[in-house]
Amino acid sequence: MTPAATKQASGLFVTVNGEPTPLTDLSWYQTAPCGCTCAVTLAETEWYVIATEADAWRRFYEDDDPSLMKRDQERGYVLDLDAISKVKERLQVRCPHEPKWGVPPTPGLEGFAWAAPSALNVRRNARLHLIPADSVDTQDWRAPYPDTACGESPRKRWTAQRWDTAGRIECSRCLRVATAAVSA
Ligand SMILES: [Zn+2]
Ligand SMILES: [Zn+2]
């Protein structure tokens with residue numbers, strides 16, 4: 001009889017709140033600039049071990065534009081290790097602060113939507129642009145390239161679906177147009 005292969009735990013201990021604690025009992029928590037915990041990931045599972053803060057940052061942002069991690073760090077997002085059992089008490093679904101998560105909302109532009117290129121294999125670092133709302137998520141293949149707020153038209157088709165726009169950074173020139181419109 002062959003014993004089933006079982007992956008051994010790393011055996012790593014980390015001191016948390018003065019107590020040496022096995023990594024398998026801990027999670028990495030991300031706290032937003034307002035003080036609310038906004039994200040969590042297990043520190044060790046059967047498939048991976050995240051023993052350092054640098055690795056934890058990479059884990060949280062692995063599908064995102066690499067610039068997003070740096071921007072969130074500069075905005076004051078922080079990570080810490082804490083007991084898995086604290087998740088209910090710590091993780092906020094709704095942040096009660098103003099602005100939400102301590103980050104001013106991205107300005108929009110009337111009649112436009114922040115949208116990502118809609119295609120397969122869009123690069124992780126492709127920017128969001130302000131696209132005329134009626135050109136977003138359209139199924140019309142014959143429609144012309146839309147006029148973005150910044151004047152660049154890098155793609156024909158655009159999507160504003162949350163799962164397509166998440167993890168992406170806004171085009172700085174579109175952002176300037178929107179910011180100017182807000183303060184005008
Ligand atoms: Zn908050
Ligand atoms: Zn743009």
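Pro 99 lies in the loop that runs from helix H3 (87-90) to strand E6 (112-117), where helices (H or I, at least four residues) and strands (E, at least two) are DSSP runs numbered from the N terminus. The peptide bond that joins Glu 98 to Pro 99 is cis, with omega at about -5°. The loop between H3 and E6 also holds Trp 101, a residue that has a positive phi of about 60° although it is not a glycine. Most residues other than glycine have a negative phi, and most peptide bonds are trans. Trp 101 counts as buried because it has 20 C-beta neighbours inside 10 Å; the classes are buried for 20 or more other C-beta atoms within 10 Å of a residue's own, exposed for 12 or fewer, and partly exposed in between, with C-beta atoms placed from the backbone.

The structure is a predicted model, in which local features need pLDDT of at least 70 and side-chain atom pairs count only at pLDDT 80 or more, whereas totals for chains, interfaces and linings use all residues. Residues are numbered from 1 along each chain as its sequence is written, while chains are lettered from A and ligands numbered from 1 in the order in which they are written. The mean pLDDT of the chain (the predictor's confidence in each residue, from 0 to 100) is 91, and 96% of the residues reach 70 or more. Over residues 1-5, pLDDT stays under 50. For this stretch the model has zero contacts beyond four places in sequence, a contact being a pair of residues whose C-beta atoms, placed from the backbone, lie within 7 Å.

Two domains divide the chain, domain 1 (13-102) and domain 2 (112-183), with bounds that come from an automatic or database domain assignment. Seven residues from domain 1 and five residues from domain 2 take part in the contact between them. On the side of domain 1 that touches domain 2, two residues are nonpolar, one is polar and four are charged. In this classification Ala, Val, Leu, Ile, Met, Phe, Trp, Tyr, Cys and Pro count as nonpolar, Asp, Glu, Lys and Arg as charged, and the others, Gly among them, as polar. The C-alpha centres of domain 1 and domain 2 are 30 Å apart.

Strands E1 and E2 run antiparallel and are joined by four bridges; two strands are taken to pair if DSSP finds at least two bridges between them. Val 16 has Glu 19 in E2 as its bridge partner. The hairpin of E1 and E2 has two residues between the strands. Asn 17 is located in the loop between strand E1 (13-16) and strand E2 (19-22), and its phi is near 50°, a positive value in a residue other than glycine. With 8 C-beta neighbours inside 10 Å, Asn 17 counts as exposed.

Strand E3 (residues 26-31) is connected to E4 by five bridges, and the two run antiparallel. Trp 28 has Thr 41 of E4 as its bridge partner, and Tyr 29 stands opposite Val 40 in E4. Five residues separate E3 from E4 in their hairpin, and Gly 35 in the turn has a positive phi of about 105°.

A further open sheet of three strands has the order E7-E6-E8, again with antiparallel pairing. Its edge strands are strand E7 (129-132) and strand E8 (158-159), each of which pairs on one side only. Four bridges link E6 to E7, which run antiparallel, and Ala 115 is placed opposite His 129 in E7.

Ala 178 belongs to helix H5 (residues 172-183). This alanine is classed as buried because 20 other C-beta atoms lie within 10 Å. Apart from neighbours within four places in sequence, Ala 178 is in contact with Pro 107, Gly 108, Leu 109, Leu 130 and Ala 149. Ala 178 and Asn 125, 53 residues apart in sequence, are separated by 21 Å in space, C-alpha to C-alpha.

Key. Two residues are in contact if their C-beta atoms, placed from the backbone, lie within 7 Å.
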